[in-house]
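Look through the sequence and the 3D structure below. Then read on for a tour of the fold, the core and a few selected residues.

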Amino acid sequence: RDRAFRMFTALDNEGRGFLDLLSFQKALAGACPPAASRACEIFHDMDQSKAGMVTIADFEAYLMGNYGRITGSLTPGLSTNAAVG
């Protein structure tokens, strides 16, 4: 959980406690260029409430693979190694 929190904090460049699509795209481009081309897809998979923001709980669920049970997504979870660059 601590690692997920550190990763989320690194992506949350503005320190708002959530990620929106634009900030996630920018952060991913810097932190994990190979995944940046799939930023929209990854973001929408993580955004469980479909509110246009990803919370730490959404992020953790995605990393743990729980997103598929919640959203029906077929996209694999973001690797914890890939997200920190």
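## Overall fold

The chain has seven helices and two strands. Both kinds of element are DSSP runs, numbered from the N terminus: helices are H or I runs of at least four residues, and strands are E runs of at least two. Along the sequence, the order is α-β-α-α-α-β-α-α-α.

This is a predicted model; local features need pLDDT of at least 70, side-chain atom pairs count only at pLDDT 80 or more, and totals for chains, interfaces and linings use all residues. Residues are numbered from 1 along each chain as its sequence is written, and side-chain values use heavy atoms, with hydrogens and water left out.

## Surface and contacts

How much of the chain is buried? Buried residues account for 35% of the 85 residues. Buried means under 20% relative accessible area, exposed means over 50%, and partly exposed lies in between (1.4 Å probe, protein chains only). The chain exposes about 4700 Å², and carbon and sulfur atoms supply 58% of that area. Accessible areas come from the Shrake-Rupley method with a 1.4 Å probe; for residues, only the protein chains shown count as cover.

A contact means heavy atoms within 4.5 Å. Take the contacts between residues at least 6 apart in sequence: 41% of them join residues at least 24 apart.

## The nonpolar core

In soluble globular proteins, nonpolar side chains tend to be buried together. Here, the largest nonpolar core has 18 residues. Such a core is a set of buried Ala, Val, Leu, Ile, Met, Phe, Trp, Tyr and Cys residues joined through side-chain atoms within 4.5 Å. Leu19, Phe24, Leu28, Ile42, Met46 and Phe59 have the most contacts inside this core. Helices H1 (2-11), H2, H4 and H5 each supply at least two of the core residues.

Setting aside neighbours within four places in sequence, Phe24 is in contact with Leu11, Leu19, Ala39, Ile42, Phe43 and Met46.

## Aromatic pairs

A pair of aromatic rings is described by the distance of the centres and the angle of the planes. Rings of Phe, Tyr and Trp (its six-membered ring) pair if their centres lie within 6.5 Å; planes under 30 degrees apart count as stacked, over 60 as edge-to-face and the rest as tilted. This rule gives two aromatic pairs.

Why does the pair of Phe24 and Phe43 count as tilted? Their ring centres are 6.0 Å apart and their planes are at 45 degrees, so the pair is tilted. Phe24 lies in helix H2 (residues 21-31) and Phe43 in helix H4 (residues 39-46), so the pair ties together parts 19 residues apart in sequence. Both Phe24 and Phe43 are buried.

## Ser23 in helix H2

Ser23 also lies in helix H2. Its relative accessibility is 12%, so Ser23 counts as buried. Beyond neighbours within four places in sequence, Ser23 is in contact with Glu14 and Arg16. The side chains of Ser23 and Arg16 are joined by a polar contact of 3.4 Å. A polar contact is a pair of N or O atoms within 3.5 Å; within protein, one must be able to donate a hydrogen and the other to accept it, and residues adjacent in sequence count only if both atoms are side-chain atoms.

## Helix H5

Leu63 is found in helix H5 (residues 56-64). The buried residues of H5 are Asp58, Phe59, Glu60, Ala61, Tyr62 and Leu63. Leu63 has a relative accessible area of 17%.

Not counting residues up to four places away in sequence, Glu60 touches Arg1 and Ala4. Just after H5, Gly65 takes a positive phi of about 85 degrees.

## Cysteines and a loop

A disulfide is a covalent bond between the sulfur atoms of two cysteines. How many disulfides does a search of the whole structure find? The search finds zero, with a disulfide taken as a pair of cysteine sulfur atoms within 2.5 Å. Cys32 is buried at 4% relative accessibility. Cys40, found in helix H4, is partly exposed at 36%.

Lys50 lies in the loop between H4 and strand E2 (54-55). Lys50 is exposed, with a relative accessible area of 53%. This residue has a positive phi of about 60 degrees although it is not a glycine.
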